[in-house]
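Trainee: I would like to go through this model with you. Can we start with a ligand site and work outwards?

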Amino acid sequence: GGDDSGSEGGSGSGSGGEAEGAIGVILPDTESSVRWESADRPALEAAFEEAGVEYDIQNAEGSADRMATIADSMITNGATVLAIVNLDSESGAAIQERAASSGVRTIDYDRLTLGGSADYYVSFDNTVVGELQGQGLQECLGSDTANIAYLNGSPTDNNATLFSEGAHSVLDEVSGYENVGEQAVPDWDPDEAVTIFDQLYTQAGGEIDGVYAANDGLAGAAISILERDGRAGEVPVTGQDATVEGLQAILAGDQCMTVYKSATQEAGALADAAIALVNGEDAETNGTTEDVEGGREVPSILLEPQSITADNVQDVIDDGGQTAEDVCTGEFASLCEDAGVS
Amino acid sequence: MTTPLLQLRSVNKSFGNAHVLHDVDFDVHPGQVTALVGDNGAGKSTLVKVIAGIYGRDNGDYLFDGRPVDVSGPRDVAALGVEVVYQDLALCDNLDIVQNMFLGRETRKGVVLDETEMESRARETLASLSVRTVKSVRQSVASLSGGQRQTVAIAKAVLWNSRIVLLDEPTAALGVAQTRQVLDLVRRLADRGLGVVLISHNMGDVLEVADRVTALYLGRVAADVPTAQVNHSQIVELITAGRSGSLGIAENPATATV
Amino acid sequence: MTTPLLQLRSVNKSFGNAHVLHDVDFDVHPGQVTALVGDNGAGKSTLVKVIAGIYGRDNGDYLFDGRPVDVSGPRDVAALGVEVVYQDLALCDNLDIVQNMFLGRETRKGVVLDETEMESRARETLASLSVRTVKSVRQSVASLSGGQRQTVAIAKAVLWNSRIVLLDEPTAALGVAQTRQVLDLVRRLADRGLGVVLISHNMGDVLEVADRVTALYLGRVAADVPTAQVNHSQIVELITAGRSGSLGIAENPATATV
Amino acid sequence: MSTTTTSTDGGATKDSVAASDFAHDSTSAATMLDSLKGYVARVRGGDMGSLPAILGLAVLMVVFGLSNDRFFSLLNMANLVVQAGPIVLLAMGLVFVLLIGQIDLSAGVAGGVAAAATALTVANQGWPWYAAVALGILCGAVIGVVIGALVARLGIPSFVVTLAFFLGLQGVILRMIGQGGSVGVNDPVLRGLTIDTVPVTAGWVAAALLVVAFAVGSLLQHRRQVANRLQHHPFSVVLLRIATVAVVVLGLTGLLSLNRSVNPNFPITGIPWVLPLVVVLLLICTFVLDRTAFGRHLYAVGGNAEAARRAGINVPRMQVYAFMICSALAAVSGIVQSSYTGGVSTASGGGNTLLYAVGAAVIGGTSLFGGKGRAIHAVLGGVVIATIANGLGLLNQAAYINFLVTGIVLLVAASVDAISRRRRSASGL
Amino acid sequence: MSTTTTSTDGGATKDSVAASDFAHDSTSAATMLDSLKGYVARVRGGDMGSLPAILGLAVLMVVFGLSNDRFFSLLNMANLVVQAGPIVLLAMGLVFVLLIGQIDLSAGVAGGVAAAATALTVANQGWPWYAAVALGILCGAVIGVVIGALVARLGIPSFVVTLAFFLGLQGVILRMIGQGGSVGVNDPVLRGLTIDTVPVTAGWVAAALLVVAFAVGSLLQHRRQVANRLQHHPFSVVLLRIATVAVVVLGLTGLLSLNRSVNPNFPITGIPWVLPLVVVLLLICTFVLDRTAFGRHLYAVGGNAEAARRAGINVPRMQVYAFMICSALAAVSGIVQSSYTGGVSTASGGGNTLLYAVGAAVIGGTSLFGGKGRAIHAVLGGVVIATIANGLGLLNQAAYINFLVTGIVLLVAASVDAISRRRRSASGL
Ligand SMILES: Nc1ncnc2c1ncn2[C@@H]1O[C@H](COP(=O)(O)OP(=O)(O)OP(=O)(O)O)[C@@H](O)[C@H]1O
Ligand SMILES: Nc1ncnc2c1ncn2[C@@H]1O[C@H](COP(=O)(O)OP(=O)(O)OP(=O)(O)O)[C@@H](O)[C@H]1O
Ligand SMILES: [Mg+2]
Ligand SMILES: [Mg+2]
C-alpha cells in the first residue's frame with residue numbers, strides 16, 4: 001500500500017553518474033591481510049577509472065554489521081553491481097539477497113558465499129594457497145622426518161581454516177612429519193602470534209624443524225623467536241601475501257617461501273566482470289565452482305596463486321605486487337643484488 | 001521501670017588494629033530520651049552504626065524487647081522499627097528531596113510510584129521542621145545547604161512509625177529555629193512512647209531534653225545516669241576525663257601506665 | 001579604623017534559577033573576628049565559597065587591601081593569603097592526615113617530599129587542638145570520626161602564614177574541649193592581626209569571640225554591627241526575621257506580596 | 001563604625017524571595033518563558049541532559065547531508081533506523097549497568113551467544129522462532145545473573161569479571177558454531193525483523209495510538225499535579241511536548257510510509273519492524289526507571305551505594321538485576337543484529353561492538369560513574385554512532401580515512417557542549 | 001534506677017588506651033608480631049593491597065606447573081619475563097590515568113603509532129635507534145597531551161575522547177604502514193631489547209648494587225624515622241623486607257645467568273634487557289608517585305578532585321600530565337612489543353591489548369574509580385595476565401578452549417580474595 005514509485009525520482013537523479021549505474025566493492029578488513037587496502041583498492045580504482053565507470057570501494061573493517069550497512073548505502077547510492085569479499089557466508093548471503101531484491105547484481109570476490117546468489121565468483125583458490133604452502137615447506141625441509149608447528153590464521157576467519165586444510169592435505173601425507181603444535185592466532189595479530197609461537201617452541205623443547213605460518217605477518221613473529229635462539233634461517237617458515245617484510249625475510253634466508261596472489265590480476269578480473277555486468281553483458285568465465293550449501297554451480301573466474309622463493313622474488317616485482325625500492329632498502333640492497341632482484 | 005526496648009551487652013568492635021568499643025552496655029528505654037555523650041572519637045557514631053546494623057559487632061549481645069535478635073544488616077534493624085539519622089547523613093546526591101525521604105519505602109499505587117502522595121507528605125514534614133529556604137522539594141539534595149541536608153535526613157527518619165529513633169548529632173548544622181524544632185520533636189517522640197537516642201556535644205540541649213545520659217570515654221561506658229542526678233560540669237568531666245567524683249571509670253585508664 | 005583587608009561590593013550569585021546572594025556587601029577587618037550568621041540556607045557557605053574563589057560571582061567587586069583583584073579560582077585566593085575551612089571539609093579520603101594537611105603545599109627537600117618535617121609539624125598542630133583520640137597521624141582520613149575530620153580541616157587552615165582565615169561552622173562537630181580550643185585559637189589569630197570570619201549557629205560562641213556580626217537573611221545582608229551593640233535575642237531576630245527593631249532589612253521582603 | 005542596615009530594592013526581586021519561603025514552595029514556573037529561562041540557566045550551569053547528543057546529531061546530519069545528497073533519501077533514512085537498532089538496544093542494556101556504577105564489557109559477546117543459540121535452535125533443532133528467541137534471551141539473562149552474582153557477592157570489580165566473560169564467551173561462541181564458521185538466520189519472522197516492514201495502515205494506527213496515549217497521559221498528569229499543588233511544568237510546556245512527540249512520531253511514520261525502493265519492481269513501504277521493537281523497549285525501560293521503586297533503587301545504588309544500603313535497599317540484588325537486564329537486552333540486540341546480517345558468526349558481538357555501545361550511552365548523557373542515565377540516552381547516542389557509520393558509508397573513502405573521520409566525528413559530536421562547559425569552568429565552578 | 005558506674009579490667013587493655021591518646025601517638029608497632037597482626041587485621045578489614053594478585057599468581061603458577069613440566073623450565077621463565085614486559089609497561093602507564101579516575105582506551109594504539117614511527121624512521125630514514133625511540137616516545141607524549149587537554153579543558157568524558165582516539169589512531173597506523181602492511185624492526189639494539197641479554201657479570205653487578213642501595217636506603221630511612229619519633233615499622237620488618245628483596249633480585253639474576261637455550265650450539269645466558277628497563281621504570285614511577293609532590297597531587301585529584309582544587313592544585317594540568325605519562329609509557333610498551341614481534345603491523349596495539357592492560361592494573365589492586373593505585377600493581381597484574389597466555393601456550397589447545405580457560409583463569413586470579421571479602425560483607429561492613 002501507500003505511495004509508490006512517485007517519490008523515488010528525487011533521490012535517483014542527484015549523483016549525475018552514467019546511466020548504466022555504478023559498481024560497488026566491499027573489502028573485508030584491514031587485518032587479515034594488508035592487500036585489501038594496499039593492493040586491491042588501487043588496482044580496482046585504476047581498472048574502473050580506465051573503463052570510465054562510476055565506482056565506490058569501501059572496507060567493512062572486519063564487521064559483518066558494517067558490511068551490511070555499507071551495502072545498504074551503496075544500493076542507496078545507485079550501485080547496480082555489487083562485489084563483496086564476505087566476512088562469513090551467512091552475512092554475505094544476506095547482503096546478496098537484499099541486493100537481488102533491489103535488482104542489483106552481485107559478484108563474490110576472493111571468497112565464495114555459500115548459499116548466496118552471486119552471479120560470478122572471482123578468486124584465487126584458497127585451498128590451493130594452503131597446498132602451495134605445504135609443498136613449499138616440504139621442499140625447504142628436504143628430509144622426510146620433521147617436527148612441524150602450525151600457526152594458523154584467525155579462529156574466526158573461514159579462509160584461515162581453508163589455508164590450514166590445504167597445507168595439512170600435503171603435509172599430513174608425509175609419514176615422517178609430526179605435528180608438534182597447532183594454534184590459531186586471534187585476529188591474525190602478529191603481537192599475539194609471537195607469544196603463541198614462543199610457547200609452542202618452548203613446549204617442543206626447541207625441537208621444531210619447520211613452521212607453517214599462514215601469512216607473512218605470522219611468519220615474521222615466528223622468525224623473531226627463532227632468531228633469539230640462533231635458529232633463524234635454519235628452520236624453514238612459510239608465509240603468504242608476499243609483503244615487503246616477507247620478501248626481505250626470504251632474501252635473507254629466514255623465510256622459506258611465501259604465496260603471491262597477484263592483486264592486479266584478481267582486481268583486473270573483477271573489474272572486467274563488473275564492467276561487463278554494468279554494461280548489461282556477460283563476463284568471460286573459466287570454470288564453475290560448486291556451492292555445496294546452495295546446491296548450484298557458480299560461474300567462476302579462477303586465478304592461480306604463485307609460490308615465491310628466493311629464486312623468483314623478481315616475479316612479484318615484475319607483476320607490480322611490490323617495488324624493488326621498497327624491498328631492497330638498506331641492508332637488503334646487497335641481498336637483492338645477489339638474488340638478482342631489481 | 002519497663003524492660004528496655006533495646007539492650008546491648010558487652011559489645012566490642014574493632015577496625016583492624018583500632019579497638020573502638022570496649023565491652024559496651026547500652027539500653028534504650030521506651031518513652032525516654034537517652035543522651036549519648038562523649039568526646040570526639042569516643043565511639044558514639046560507631047555505637048550507633050553497630051545498633052543500626054551498618055557495622056557487625058565483634059562480640060556481645062543485641063537484645064530487642066528483651067529477646068536476643070540476630071541482625072545482619074540495616075534492613076533487619078529497620079524491620080525492628082529502628083530509625084537512624086546518621087552523622088554523615090547518607091543521602092543520595094543524585095536524587096531529589098522527596099526521593100531521598102522515601103528511599104527504600106516508596107509509596108506505590110500498584111507497581112507505579114505514587115508521587116502525589118509522597119510529594120505532599122514530604123512537604124508537610126519539612127514545613128513542620130521550619131525549613132523555609134528550600135526552593136522546591138524536587139530540588140536535588142546535592143544543591144542543599146548543610147543545614148537543609150540535615151533537615152532532610154531528620155525528616156526522613158521521622159516519617160515512619162518506628163519504635164526507636166537514633167539521632168547522631170542531628171542539630172550540628174542547624175540554625176537556631178530549626179534546632180528548637182528538632183529538640184521539641186525529640187521530646188514529642190519520647191512522649192509518644194518511642195525510645196529516642198540523642199547524640200550531641202551541646203550540654204544545654206542534653207540537659208534540656210534527655211531523661212538519661214550515657215557517657216562514652218575512649219570506647220568504654222563511663223557512666224549511665226538519669227539526667228536529674230548530674231549537672232553540666234559533671235557531664236563535661238565524664239566526657240573529658242572519664243570520671244567525675246564517684247561517677248565514671250574507677251581508675252582512669254588513660255593515665256595508667258602499662 | 002583601618003581599611004578592611006577584604007571587601008565585597010554588591011555581589012550577586014545565582015545557581016540556575018536560584019538567586020542565592022543579593023547585592024551582598026561584606027568586609028573583613030584585620031585583627032577582628034567577624035561573625036557571619038544566618039538561618040539555614042541563608043547563603044553563608046555560598047558567600048564563603050565566592051570569597052574563596054570556588055564559585056565565580058555573577059557580578060560585584062572583590063577588593064583586597066582596598067584594590068580590586070581578579071580572582072578566578074581557589075589558587076588565586078590562596079595566593080592572597082586567605083585560608084578557608086569549608087563546611088563540607090573537602091578532605092581527600094584516600095590520603096592520610098599528614099598528606100591532607102599539607103596538600104598542595106608540601107614541604108620538600110629538593111624534589112623529594114620532606115615527610116619528617118611534615119609529620120612533626122602535623123603532630124604538633126593537632127596536639128595543640130586537643131585531638132586526643134586519633135591513633136596515628138598516618139591514619140587515612142576516611143577512618144576518622146566526624147569531629148576528628150573537622151579538626152584536621154581546621155589544623156590544615158592554620159598551618160600557614162595567612163592574612164585571612166574563614167571558618168565555616170568549624171565547631172559544629174566538635175566536643176566541648178575541642179570547641180574551647182578552636183574558639184581560643186580564633187581569638188589568638190585575630191589578636192595576631194589576621195582577619196577572621198567565623199560562621200556559627202551558636203550565638204553564645206558568636207557573642208564571646210566576635211567583634212562584629214554580619215547577619216544574612218535570605219541572601220541579603222540584614223545587618224553588619226559591632227557585637228557590643230547587639231544582644232542574643234536581637235541576633236536571633238535578625239537571623240529568623242531579617243530585622244530587629246531599627247536593625248535589619250527595612251521592609252521584610254519575605255512577607256511582601258508581589 | 002556604626003550600625004549599617006542594608007535595604008534592597010523592593011519590587012523586582014520580591015517574588016523570588018517570597019517563593020523561596022518553603023511554606024509557599026513554588027510548584028510551577030509560571031509561564032513557558034520562565035520555563036525556558038530555567039532550562040537555559042540549568043544548561044549554563046552545566047546540567048546539559050541530552051542536549052549535546054541532540055545538537056551533535058543535528059550537526060552530523062547537516063554535514064553528511066551536505067556532503068552526499070543521498071544521505072537524506074528515504075531509503076537511507078530507513079536504513080539508518082534499522083542500522084541503529086542493535087546498538088541502541090545494546091546501549092539501553094548498558095544504561096542499567098552504568099547506572100549502578102558498573103560496566104559490562106561482555107554484553108556484546110553475550111548478545112552473540114544469545115543470537116547463536118537462537119539461530120542454532122531454529123536451524124538445527126527446528127524450533128519455532130518464538131521459542132528460540134525466548135531461549136536466546138534466557139541465555140543472556142542467565143549470563144547476566146552469573147556476572148551480577150560474581151560482582152555483588154564476591155566483590156570482584158565488574159571490569160575484571162566482565163573482561164573474563166568477554167573472553168570466555170568468545171570461546172563459547174567458537175565452540176557453538178565452530179572455527180571460522182557461521183550460522184544462517186533464515187526464519188522469515190526473524191529475518192523480517194530488519195528486512196520486512198509493518199503494513200502501512202497498521203503503522204499509522206500504532207503511531208496515532210502512541211501519540212494519543214502520550215497526550216492523554218501528559219494532560220492527566222498535569223491536571224493531577226495542579227490539583228494537588230505539586231511541582232509541575234506550565235501548561236504551555238506540556239502542550240509543546242505533546243506537539244513535538246506528535247510531529248516526530250507521525251512525521252517518521254509518514255516518511256516511512258512512502259515507497260523508498262530503488263527497484264521499481266519491488267516497492268518498499270512501511271516502518272521496519274525493528275523500530276516498534278525499539279520504541280516498545282524504550283517505553284518499558286523508561287517506565288521501569290522513572291515510575292517504579294525498582295528504578296528508583298537503581299538510581300540510589302548508583303548515586304550512593306552506602307546510603308542505599310542504609311535505606312534498606314538490597315544492593316547486591318539490585319546489582320544482579322541490573323546485569324541481568326543488561327545481558328537480556330544485549331541478547332535482543334544480538335538477535336536483531338543477526339537478523340540484519342543474516343547470520344551469526346564467530347566474531348559476533350566481539351571487536352569494538354561494546355566500546356561503541358558504551359560510547360553511545362555516554363554521548364547520550366549517561367555517566368560512567370553511576371547514578372545518572374536514561375533509556376533515551378541510549379537511543380540518542382546509538383543514533384549518533386549509527387549515523388557516523390551510515391554517513392561515512394556513503395562517502396567512499398579509504399579505510400584509514402574512515403577510521404580517522406569516525407574518531408574525529410565522535411569527538412566533535414561529544415564536544416558540542418564544550419563551549420558552555422568552558423564558560424562554567426572559567427567561572428570557577 | 002540509680003547511678004551505675006562501669007569499671008573496666010585494668011591490665012590487659014590499658015596500653016592500647018594509653019596509646020590512643022594523641023599526645024603519645026603510637027609511632028611504631030613494637031614487634032614484628034604486632035606488625036603481622038596489624039597486617040592480618042587490615043586484610044580482614046578489606047584492605048587487601050596487592051595480596052590477591054600475589055596469591056592469584058601463586059595459584060596460577062602451581063596449576064600451570066602441575067599441568068606442564070616445561071612451565072618452570074629456565075627458558076620458559078625467561079620467556080615469561082619478556083612476554084610480560086609490554087603489558088606491564090602499558091599497565092604502568094594506565095595506572096597514572098586510572099589514579100585520577102579517568103580511562104585511556106587509546107593507550108594501546110598510541111603505543112602502536114609510536115612503535116610504527118620508531119620502526120619507520122629507522123628503516124626508511126636510517127635514523128639511529130635512540131633518535132627514533134625518542135621520536136616514538138615524543139609521539140606518545142604528544143598524543144597524551146592532546147587527549148589530556150580535551151578531557152581537562154573541554155570536559156568531555158575521557159571514555160569518549162579516548163574511544164575517538166582509539167579509532168582515529170588506528171587510521172593513523174594504517175596510513176603510516178599502509179603500503180608495506182608491516183614494518184620490520186631490524187635494528188640490533190631495538191631487537192636486542194627482547195632477544196639479547198645483559199652480560200652475566202654486568203647483571204650480577206647491577207643486581208648487587210640494587211640490593212645494596214635498597215638496604216642502605218631502608219636502613220637510613222628507618223634511622224631517621226626513629227630519631228624523629230615518626231611513624232615507622234619495627235626493625236625486624238625492615239630487615240625482613242631487605243631480605244625478601246635480596247632473595248628475589250639475586251635469585252632471579254642467578255636463574256637467568258644459567259644457560260637456558262634449547263639449541264646446544266647457541267647458549268643463552270643473562271637477564272633479557274627488557275627486565276632492567278621495566279625495573280628502572282618501576283623504580284622511577286614508584287619514586288614519582290610516593291616521594292614527590294606531583295605524585296601526591298595525582299592521588300589527591302583521584303581521591304577528591306574538588307578537594308584537590310580547593311587545595312590549590314591545578315587539576316586540569318594534572319590531568320594533562322597523567323595522560324601524557326600514560327601515552328609515553330604506552331609508547332615504550334609499543335616499542336618493546338615491536339622488538340619482540342620483530343615488526344609493527346596495522347593491528348599493533350589494537351584488539352584487546354588495552355582491555356588486558358587495564359585488567360592487569362585492576363587485578364594488581366588499582367581502582368577504576370581513582371585515588372588508589374601503585375606502579376607495582378601494574379607489574380603484578382601484568383605478570384598474572386602474561387602467565388595466563390604463557391601457560392596456556394604450552395598446553396596447545398583449540399582456540400575455543402584457550403578463550404574459555406583465559407576467562408576462567410582471569411576470574412579465579414581475581415577472586416582469590418573472595419573469601420575474606422565475603423566475610424567482610426557478611427559482617428555488614
Ligand atoms: N573505619 C574505621 N577504621 C578505623 N578507625 C575507625 C573507623 N571508624 C572509626 N574509627 C575510629 O574509631 C573512633 C571512634 O569513632 P566514632 O566516629 O565512633 O567517634 P564519635 O564518638 O562519633 O566522634 P565524633 O563526636 O567526632 O563524631 C575514632 O577514633 C575513629 O578514628
Ligand atoms: N549548587 C547549588 N544549586 C542550587 N542551589 C544551591 C546550590 N548551592 C546552594 N544552593 C542554595 O543556596 C542557598 C544557600 O545555601 P548555603 O549553603 O550558602 O546556605 P548556608 O547559609 O551555608 O546554610 P547552612 O547554615 O545550612 O549551612 C540554599 O537555599 C541552597 O539550597
Ligand atoms: Mg560521631
Ligand atoms: Mg553553610
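Trainee: Which residue has a polar side-chain atom 2.6 Å from an oxygen atom of ligand 2?

Mentor: A word on the basis: this is a predicted model, where local features need pLDDT of at least 70, side-chain atom pairs count only at pLDDT 80 or more, and totals for chains, interfaces and linings use all residues. Residues are numbered from 1 along each chain as its sequence is written, chains are lettered from A and ligands numbered from 1 in the order in which they are written, and side-chain values use heavy atoms, with hydrogens and water left out. A polar contact is a pair of N or O atoms within 3.5 Å; within protein, one must be able to donate a hydrogen and the other to accept it, and residues adjacent in sequence count only if both atoms are side-chain atoms. The residue you want is B:Ser145.

Trainee: Why is the site of ligand 2 called shared?

Mentor: 21 residues surround ligand 2, a residue being near if one of its heavy atoms lies within 4 Å. The closest are B:Ser145, B:Gly147, C:Lys44, C:Ser45 and C:Thr46. The site is shared because the surrounding residues come from chains B and C.

Trainee: How much of the accessible area of ligand 1 does the protein bury?

Mentor: Look at the contacts first. An oxygen atom of ligand 1 is 2.8 Å from a polar backbone atom of B:Gly41, and a polar side-chain atom of B:Ser45 lies 2.6 Å from an oxygen atom of ligand 1. From chain C, a polar backbone atom of C:Gly147 is 2.6 Å from an oxygen atom of ligand 1. Alone, ligand 1 exposes 640 Å² (Shrake-Rupley method, 1.4 Å probe; for residues, only the protein chains shown count as cover), and the buried part is 87%.

Trainee: How many residue pairs are in polar contact between chain B and chain C?

Mentor: The contact (heavy atoms within 4.5 Å) takes 27 residues from chain B and 27 from chain C. About 2,200 Å² is buried there, 51% of it from carbon and sulfur atoms; buried area is the accessible area (1.4 Å probe) that two parts lose on being put together, summed over both. Salt bridges (a side-chain nitrogen of Lys or Arg within 4 Å of a carboxyl oxygen of Asp or Glu) number zero. The polar contact count, both residues at pLDDT 80 or more, is ten.

Trainee: How far apart are the centres of domain 1 and domain 2 of chain B?

Mentor: An automatic or database assignment sets the bounds: domain 1 is 1-81 + 163-258 and domain 2 is 90-161. Twelve residues of domain 1 of chain B are in contact with ten of domain 2 of chain B. Taken over C-alpha atoms, the separation of the centres is 27 Å.
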